[in-house]
Amino acid sequence: MTSFDVKKNIAIVVPMQSDMSHTQLFHLYIIQGIIAYTENRFSNAVHIFTNAYELATKYRMEDWEMAELHYVSSLAASSDYRYILVIDHLQEALNYFNAKMLATRSIECLIILGNAQKHTRNLKNALMSFENAKEIMTTNGLANYLGMIEHNLGACYSLLKDNERALRHFNQSLLVKENPNDQIVTILSLVKEYKKTGDKESSKALVNKGIFLLNLLTEQNKNPYSHHFAIYKALLYDENDLISTFESALHYFEVKQNYYHCFVYCNVLADKLTDNNQFKLATTFYQKAFYYHLKHHNVQHWEELT
């Protein structure tokens, strides 16, 4: 059954929600949340999984169902950059998966947990989570997770400003990854890391490699990464159409409700415009950055900031 068929069937049963049992409604929410997640509608997915969780707390669901709900919720929350929520969900999921000795799920949870700890700058615990995942992987012969773990170790050392270790782990990650959809993530991180060290030539080479891979990606990955690499190409090659490149990316990420990257790229563009003495235009994008910052944190009234 294709994703189109699933969505068509869901559209048929949605009007029947009032007649569903709580178990049927719970599973409907899970399917709707997964569809939203696969379509990069991460905020929507988080909202739907929250509905599922609220329903599950009113009725007794199976332990494995709750563990899986916490797991998929953590995926959506991580993609929506809600890292505190990720940590809350994963503590519950890990308790179940570790008790049942489900190595694959335990590794996946530790990787997502480490990623959340990394983004909340709890780097010591993040490194511990990734090393624990690596130990379980080695013990159970699950080498297919090595690329992901090495990538995240590189990201931690990047935040610790240990460029040498960061580059070593990123390059090791890229070496073992075979799928272009996995490679593209690490290539972008290498672009950033080499740019930080001032090695523009290595960054340019990797940008070109990333652009070459775009046509080998799934549509889900091709669309966002085409904008990421277009921005870094424009910055590294000092392209004249810088503003149009950024505005195209901002439009895409806003439609996808990815307000985090809207916030980041507005700041990057504003800084670049300031360097070029385009102060009035820079101010406009700084204001937009603040707007997206509020949207990302779901702040609707300024009173919520105090």
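**Phenylalanine 279**

I began with phenylalanine 279, which counts as partly exposed at 49% relative accessibility. My cut-offs: buried is under 20% relative accessible area, exposed is over 50%, and partly exposed lies in between, with a 1.4 Å probe and protein chains only. Phenylalanine 279 sits in helix 15, residues 279-296. I also looked up its spacing to tyrosine 291, 12 residues apart along the chain: their C-alpha atoms are separated by 18 Å.

**What I am looking at**

This is a predicted model, where local features need pLDDT of at least 70, side-chain atom pairs count only at pLDDT 80 or more, and totals for chains, interfaces and linings use all residues. Residues are numbered from 1 along each chain as its sequence is written, and side-chain values use heavy atoms, with hydrogens and water left out.

**Overall fold**

I found 15 helices and 0 strands in the protein chain. Helices (H or I, at least four residues) and strands (E, at least two) are DSSP runs, numbered from the N terminus. The C-alpha atoms fill a box of roughly 60 × 45 × 45 Å along the principal axes. I then checked the radius of gyration, taken over C-alpha atoms, against the globule rule of 2.2 Å times the number of residues to the power 0.38. For 306 residues a compact globule would have a value near 19 Å, and the 21 Å of the protein chain agrees with that. Buried residues make up 46% of the 306.

**Serine 158**

Next came serine 158, in helix 8, residues 146-159. Serine 158 is buried, with a relative accessible area of 11%. What does serine 158 touch, leaving aside its neighbours within four places in sequence? I noted Ala166, Phe170, Glu193 and Lys196, where contact means heavy atoms within 4.5 Å. For the protein chain, residues 24 or more positions apart account for 52% of the contacts with a separation of 6 or more.

**Cysteines**

How many disulfides are there? I counted 0, taking a disulfide as a pair of cysteine sulfur atoms within 2.5 Å. Cysteine 109 is in no disulfide, and the nearest cysteine sulfur, that of cysteine 156, is 17 Å away. Cysteine 109 is buried at 0% relative accessible area. Cysteine 266 is in no disulfide either; the sulfur of cysteine 262 is the nearest, 6.6 Å away. Cysteine 266 is buried, also with a relative accessible area of 0%.
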